[in-house]
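Hi,

Here is the structure I promised to pass on.

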Amino acid sequence: ASLAGLPLPQARAALRDLAGVSLITERAPGRYAFHDLLRTYAADQARALETAAERQAAAHRMLDHYLHTAAMAARALDSAQEMPALGPPQHGVTPEHIADGQQAGAWFGAEHKVLLTVTGQAAEDGFGEHERQLPWTLVTFLDRSGHWHDLIGSQHGALACAERLGDLAGQARAHRNLAQARLHLGQTSRAHAHLMQAASLSRGLGDRAAEAHAHLGLSVVFEREFRLRESLTSSLRALDLAEATGDPLLQARACNNIGYDHAILGDLGQGLTYCRRALDLLRQAGHPYLEASTRDSLGYIYRQLGDDDQARTSYRRAISLFRGAGARYLTAQSLGHLGEACDDAADNQAALDAWQQALDILDDLAHPEAAQIRSRLRNAATVSAEDNTAR
């Protein structure tokens, strides 16, 4: 409908007519394709029968369709994420309506490969704003669903576009997104380099929120490298910046990082205080994904305190929230932590169940942490078999 500039009923009728004479095929309900030869013939006809301006206008409508629908879907996945300010779509564009996060996840699941392709087409055809804005809309979905190589590819394109346009804020954002993907892939040194660039650019712009995000990323890098004091220093710097912005979600994220840093440094009381402060801030602002991260941190703290029931309750809440947000890798991480807490409590079957669920996700993501979970499962199964034999 958007490509042709037609009302939806006319577009549906046209598709039915084309399918009726086998020029296109409805391969799944509402999804059509056509043979490569027919595609080539159609392109030849378009070049022969339509002016360059008409073809350009059609491409513009198609890109507007994807951009405006993707922006709506991205906001449904995470209402707090930074999104580009969009002008009105071209006349004749009919963006799809995305009602909630579940529908957004399904839409991105079906369309993200298309979005990556049309972003490249926008770059080739000179649609600079679409080239700049489309990668932003994909970040949350690609990150949470574990498509980190796609995230890297799209953000390298976003970075190149921002550098060409002299967009320093866009460069900082792309560096942060690249760092996030590199972190998930275990490439901490590359993530560190991107985050240092992002922090420097944001500081130069006087953008405290963006600089806080960069320092929060750096705190995770340092924690992964067991540089725990540096991790805490970065988290505290992020909180100072977040408080200056007055953003409760940014403050909550910083408090969670600080709480976890204190906990792994052995100060469980301070860890509990900061994580509870994060939850208080999230009660004001509401953000299931950030609440999940804080619940996971609390699970670790309660486990170190020897409170097995509270640890398992916290981890189960984190898993439920991460699942609801479509965050597959973090769901697997919390399942792994739940398995450890169940193992502490001698609930062997619950530990095996949690680790198996984590392994299924990590195997599907082809993530290297799958080997660690697989080893735990083997060891736990061996112990369980030995216990049964002894009984």
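Before the rest, some housekeeping. This is a predicted model, so local features need pLDDT of at least 70 and side-chain atom pairs count only at pLDDT 80 or more, while totals for chains, interfaces and linings use all residues. Residues are numbered from 1 along each chain as its sequence is written, and side-chain values use heavy atoms, with hydrogens and water left out.

**Backbone**

Back to A366: its phi is near 55°, a positive value in a residue other than glycine. A366 sits in the loop between α16 and α17 (370-390); helices are DSSP runs of H or I with at least four residues, strands are runs of E with at least two, and both are numbered from the N terminus. A346 also has a positive phi, about 60°, and is not a glycine. You'll find A346 in the loop between α15 (328-344) and α16 (348-364), exposed with a relative accessible area of 60%. For context, most residues other than glycine have a negative phi.

**Cysteines**

How many disulfides does the structure hold? The count is 0, taking a disulfide as a pair of cysteine sulfur atoms within 2.5 Å. For C255, the closest cysteine sulfur is in C275 at 8.7 Å, which is too far for a bond. C255 is buried at 0% relative accessible area, and C275 is buried with a value of 0%.

**Salt bridges**

There are 22 salt bridges, where one means a side-chain nitrogen of Lys or Arg within 4 Å of a carboxyl oxygen of Asp or Glu. Here are three of them, plus a network.

- R31 and E111 pair up at 2.9 Å, N to O. R31 lies in strand β2 (residues 31-33) and E111 in helix α4 (residues 101-125), so the bridge ties together parts 80 residues apart in sequence. R31 is partly exposed at 37%, whereas E111 is buried at 8%.
- R237 and E211 meet at 3.7 Å, N to O. This pair links helix α10 (residues 228-245), which holds R237, with helix α9 (residues 208-224), which holds E211; the two residues are 26 apart. R237 is partly exposed at 36%, and E211 is buried at 5%.
- R328 and D364 come to 2.6 Å, N to O. R328 is in helix α15 and D364 in helix α16, 36 residues apart. R328 counts as partly exposed at 29%, while D364 counts as exposed at 52%.

**A histidine and a patch**

H194 is in helix α8 (residues 188-205) and is buried at 13% relative accessibility. Leaving out residues up to four places away in sequence, H194 touches H175, L178, A179 and R182, with contact meaning heavy atoms within 4.5 Å.

On the surface, L15, L18, V21, L23 and Y32 form a nonpolar patch with about 380 Å² of accessible area together. Patch members have over 30% relative accessible area and no salt bridge; nonpolar side chains (Val, Leu, Ile, Met, Phe, Trp, Tyr) are joined within 5 Å, like charges within 9 Å. The areas come from the Shrake-Rupley method with a 1.4 Å probe, and for residues only the protein chains shown count as cover. L18, one of the patch residues, is in helix α1 (residues 8-20) and is partly exposed at 34%.

Cheers

Definitions and conventions: Buried means under 20% relative accessible area, exposed over 50%, partly exposed in between (1.4 Å probe, protein chains only).
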